[in-house]
Structure formats: structure tokens, C-alpha cells
Amino acid sequence: MCASRSPVKGLSVREDKDGVRSLHSKIGDRRYKRIANFYFSIQTLVTFPGKNKLNGYILDVNRIDGTSMECFVLIEEMAGAVKFKSAINRTFSECGGVFSQDIKDNQLISYLMDMVEDFVTNVNRRVTGVLTLGRQLNPKKVNADGQFDENGVIEKDDYETSVYILNENLQINKNGVILKENWTHRWMVPFLVAIPRAISDKKVLKYLYDHNQVLVSLPFQSFNWKLFIRKAKSFFKSNFMPFINFLSGALALFHYEQVVNWLGSCPVPTAIGENSCGKSTALKLVGQLVGMRTVSQSSSESVISDLTKTTFPLGWDDPTFAHTVRSPLAAVFNGCGNQTQARGNEKPITAFILTCNFEMDGDLRSFERTTPIWFKKLVTSEDEPADHILEAKQEIFSLASPHCLFDEQREIIELVNDNSVVSGESFDAYLMETFLPYVRSFYDATVKTLSSVEEFFNLLIQAISCLQMNAEKLKTWMRNSVRGKDHEFVVFVLPTALATIEKASLPAPTDGNIRELIKKTPGGNSNHRSTFEGRTNKICCVKLPRTALSEDVLQQIDSFFGLTLNEVPEDENVKANDEATNDLLDALTAELEETREMLANEKASSKALFESKTKLQESFHEQRQSLTKENENLLDEVKALKARVKQLESSMKEKEETPSSSTTALSNKTGLSVVATTLMQAIEHSHRVEPESQEDTEMQSLDDSGIGNDLIEKGSPADEEKNHCNLCDKRTTSRMIMCTKCSQWAHYTCAGMGTYKEALRQKNIFMCKECK
């Protein structure tokens, strides 16, 4: 066997007799044992801007069966043997995994440490981990003149030398395909999608699904733009100019952020026209040409979220409702983004091209954020067979390829200056004959702005009278009088009311115009829910206080329902009661929420008090145990003193027959027996300090409890000596200490002792001034 490198602390990558490489362990002199079915090498260090917890290494892992895969291992996973093996199997799990035997954890960790050290010393290749596809930020320093300069102070995004990530295996710049060993960025979503730490991060999670990779076959092939344009002219016929505008808008969106920086806004290219006029075909062709993802029937939140994951534009084909496009159009118009309930404020990094089959005259604000491109309905000749149209469609789709992305910059400039493709005269004719008439008609004929709700109701009354609507039909979308808590309201479905005005061929205001007027009216609600005749469930509607309308308007509305002013039918009273009940229920619900919040606060306060009480009980228990222990120690001392007294008594009995001269003299002086006099002397010598008070007396030992005092009769010479301080010549019965040499008493404060405890410490060594 031959080794690719020397053993590192017992592990090495070696080849067996069949030439298969794997991890081996040294078991003797020139003897090695295969202990794993794989080996690996560190290829790249990946660092995320602002996401250092996701930094890690990309390893090239090879299995003995020839399977080779790239594995991403977090830095913290490199420090643990178990985590490291789990990280490898995160990638290899779908193809059977990798295995090892008899590898000690410290042995593998030491091997990993040496591998990292070798990588940092000899390779040290780093890339920036990114989560978005498309153009990557390319900040470079610029000088005061705005020119790129390494010595500049201000940073500016350099679009000219930017890197475009098309998919996980392909990156390009203005010079073509970038070789993998020269990558400076790495799209890490395919690795992070299986890492729990990344999935648990909400800011990272939204990038891990619904990718918009551009699938391109390699090697890049030269794209023939002139051939494609010639075929497009033949296929789209009179709609060729709208198609070219639509395609140009999609290509411009590749530089969306730059357009917003230059112009301050970027209107959405929007294909408008009758059904079957070729709008959706144009969108699909543009999408295939530039590698653009196409969606249909998507929600506005989903579209806005997609626009934050890639700089490649999105194709949105035929949304169901006009109000669905309102938020995305507002989000991309000036690049400021939009607020969403689920994901907060999301700022787009690209925009979308749009096709719609509905008229946008109901929302002027949305219309102003688009670049409308009118497609005419194609009229085919009877002589032209249907097979010929299908073949032409297949041919132009076969020519459409993302390979045009590489030649975009050079070829587009040539096409713009080629009059055989699009001449200035033909473009001006399109603007004058198709584009401007449509925009003018939109503003002049279909849009009316009202300034008051009174004006709107006058227009609505005129439309109802013109169409001669009966009460039964009106009750399906309008209620003339609904009693609330404080007011009576007129409740109606706004889209149906606007449709009624349009049906009467009257200039209808926009939905947004009326909702704004209702919001400004005190008591008005543009987002109400109520029931109507023939409907079992509540539906969205608007409500307006009747006090906001004049009596003439109210009288005309009531007359449509066969009523006079302020007359309300019985069924309306029931519905009004329902409305009042709903209002009361809302108030009770709010009160219930406040009560719940108050109970939660009280619960938290009670919990805090309980915890405080528990701590106090624990503290009291500890102090009680401490005092109990001290009491036990005092009892032990009392027992010891009692034993000492007994010992002294027995000693006195032995000496009773031969008392000392001093004892006999003291006995004669006091008139007590020799035994009592001896015991008195022993007690006085064992505790020479009098306690300060009754409490101090209770805490003393047996010698301090007063036994010695009881042996001295009141008025005796010994008692007189004890009550007399030989320093201040005053008499007292407490706070006295006796000289250990002359047995004279003195106040311990007169002797220079400040506290009773200090006197206790010196009682056995105290000597008065005369004896010192």
C-alpha cells in the first residue's frame, strides 16, 4: 500500500492493494488497517456576511465505491467527532451514507485539527456564502469624481464587473463562464436546506424553498438574435412591436436596482388586451429566452417574497383579481418594498412582467405603476392552415434559449441601432396609434374621482333608477338601515355598487376613491362584514352612518325599498338587532380580553409573591437550624460545667478533713462551711464577669446562672466586696469583673472594656491596675 500523505496521529489516507483510497489507522510497523469507507479533503472556507453562525467548510468527500460529493460542515461541527460524521451523512444519506469503525473520537478530532491547519497554511481558499440567485453585490471604492479607485473612501456597487449566479453549478460575468476554482461567491441554499440551524432561522428559512434557478446547457452557444427577431416578426405579425417592448422591459428588469437608482422608479411591463391575443404566449417566450420563472394564480404575498430571492425577473401570467396585483406593484415601483403580515417588510431586488385579462380602470394608482403594452387580437387568414401557425410557434420556441444572456450587452446595442429590426418611424407610429390612445382613453373616459360620499350616492341613485332595480334585487347587496350601537348605517357591497354604475353607462369612480372617502367619514368602515338577503354567511362590505347623508338622499334610498324616511321593516329590525348584538359581542370580547390580561398580570404577581414567600420560609428554616445547633452546643457546655461541679464537689470531700488555711480563714470569715466556701471559690474563679441583664443571664452557662451568688449571704463581707468598685468607689450589682490576682471587683467599663463580650474574653486573665 502507498500513502498519499504521512500518518497524522494514527490516521492517514492510503490506498489498499486494489488502489482504493480511504481512511486507514496505523496498527503496527508499516501495517495499516482500513477503518472507514471514505476519505475527504477541505476545499473551501465559506463565510456569510452577518451570519457567522453558518460559517463552515465545503469538503470533497469520496467513498470507496467511487461516489464523490461536496459536503458542507459548520465550523462547530468540525470540533466534534459525532457531529462531523452526522454532517457528512447529511449529504450522503440519499445514497447509503458513509461508515467507520474503530475510530476513536479524539483520534478523529486530532486528524480534523491537522487538516484545518494544513488548509489554512497551504490553501486558504475562501468564498462568500450567499442566499440569492442572480447578480451579486459588488461594492468597490470610488473617489470624489465617482471613479472606481482602490484609494477611495466611499463604496459603490460596480455593475460592470458583477457576478451572476445562474444555478448551483454555473456563474458568469461579462467575460463569460467563471471556472469553479475562480468563484468568489457560493450559492449555499442546497446545503443549508438540510441544516437545522439554518431552518430555525426565520430570516434564512424564506430562501430555502421555491428556487428560481436558470437551467442552461453548457458549453455556452452563440445566440443568433437577428434570426430570432426575424422569426418573431413573422409569428407575432401586428403584435411584433408590443412583443419587442415586452421583451425589452424584461431585459431591463435584469438591472432593476440600477434603473431605480437612475430614474427613481421602475414601472412594471404589463401586457394588456383581449383574450387570445398572444399575451401569455409572449410571456412564456420571454421567460424561456431569459430563464425567467413564470407563476400564475399566485397570491400577492407569495410574489413579493419571490422577488427578494433572486435578481432575475419574474413572469406573472393572468392574476385572477385586479386587487391581487396592487401590493406587488407598489412594492417594486420605487424599490421600497411592502409590509407583509407574515414576513414583515420585504424589499425586492427585482421586479416582474405581467399579463392580465381584466381592465385596470378600477384602480388608477395600480395603472400608474405599470407600462401598459397593448396586444391586438390577431385575425388569421382563412388561407393560412392551423398547422402552419403551430409549426411557427414551435420553431420560435426552439430558438429561445438563455444562451442569449451572455450576448445580451453586445447584441442588444447592435439591434437597437438596426433599422431593419425596429425603426424610429415604426416605434413612433406604435406610440401614436396604439399606446397613447389607450392611455388617454383610460384617463379621460373611465376614471372619475369623487370628493364626497354624497356625490357617490347621487351617482348610485341615478344608476339604480336608470336600471330600474327592484327591492328584491337591491336587498342582495344593500341594506338601507342597520341599527348599530350608536348610529344607523347604510350597508352595501362596494364592488357591486360600482358595477351597477358602470352597467348604467355612467362614469364610475375607483374602488380606492370610495373607500378613502368612507374611511374619512366619522363612523364609516370600509372593511365591514354583514349578511344580505339570499346569503347565509357574512360577506365583505362597507358601512356608512345615515347621518353622513342628506335627507333627500336617504329618502330616495328608502323609496327603493318601498319605505318612507325612518321607516324600517320588521326583518330589518331583526337584522339591526343582529348588528347591535354583534357590536355588543365585540365589546364583550374586548372586555374579556382585558380581563384575561388583568388575570394574567395578577397570576404573575401571585407567583412572584409565592416565590418570595418560599424564599423567606427557606431562610427561616436555615436560621432555625442554626439556632437549634447553637442551643445544642450551649447544652453541651452546661453538661460539661455540671460535670466540673461534681468533680469539684468530690475533690472538696476529699480535702474536707484537711482544709487549707485560706479556705478555713474564709470559712470563719463568712460563717459558711468549708465545703460551701470551697465550692463558692471554684464557681467565682470559673466565671468572674457578671452579666449585663436578665437576658444575658439566661444565655450564660451554669457558672453564670447565679449559683455562686446564692452561696453568699446578703450583707456578708464577700457580698460587700463584690458590690464595691475599687476604681470608681461606687457600689453596684452588675457589670463587674474580678481581678484574678487580688480578687477585688471593678466595673469592666472602668477597667477600659467597652462591651460585655470583651469582658467575657478577659475574665480569666484580668488584673487590676494595682496588681499589674
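Modeller: Start with pairing: two strands pair if DSSP finds at least two bridges between them. Helices (H or I, at least four residues) and strands (E, at least two) are DSSP runs, numbered from the N terminus. This is a predicted model, where local features need pLDDT of at least 70, side-chain atom pairs count only at pLDDT 80 or more, and totals for chains, interfaces and linings use all residues. Residues are numbered from 1 along each chain as its sequence is written, and side-chain values use heavy atoms, leaving out hydrogens and water.

Colleague: What order do the strands of the open sheet of four take?

Modeller: The order is 8-11-12-13, with antiparallel pairing. Strand 8 (134-135) and strand 13 (176-177) are the edge strands, each pairing on one side only.

Colleague: What joins strand 12 to strand 13?

Modeller: Two bridges join strand 12 (residues 170-173) to strand 13. The cut-off is at least two, so they pair. Ile172 stands opposite Val177 in strand 13.

Colleague: Why is helix 1 called roughly perpendicular to helix 2?

Modeller: The axes of helix 1 (residues 81-92) and helix 2 (residues 105-122) cross at roughly 70° and come within 9 Å. Axes are lines fitted to C-alpha atoms, for helices over the stretch in contact, with angles from 0 to 180 degrees between N-to-C directions. Angles under 35 degrees count as roughly parallel, over 145 as roughly antiparallel, 65 to 115 as roughly perpendicular and the rest as oblique. Therefore helix 1 is roughly perpendicular to helix 2.
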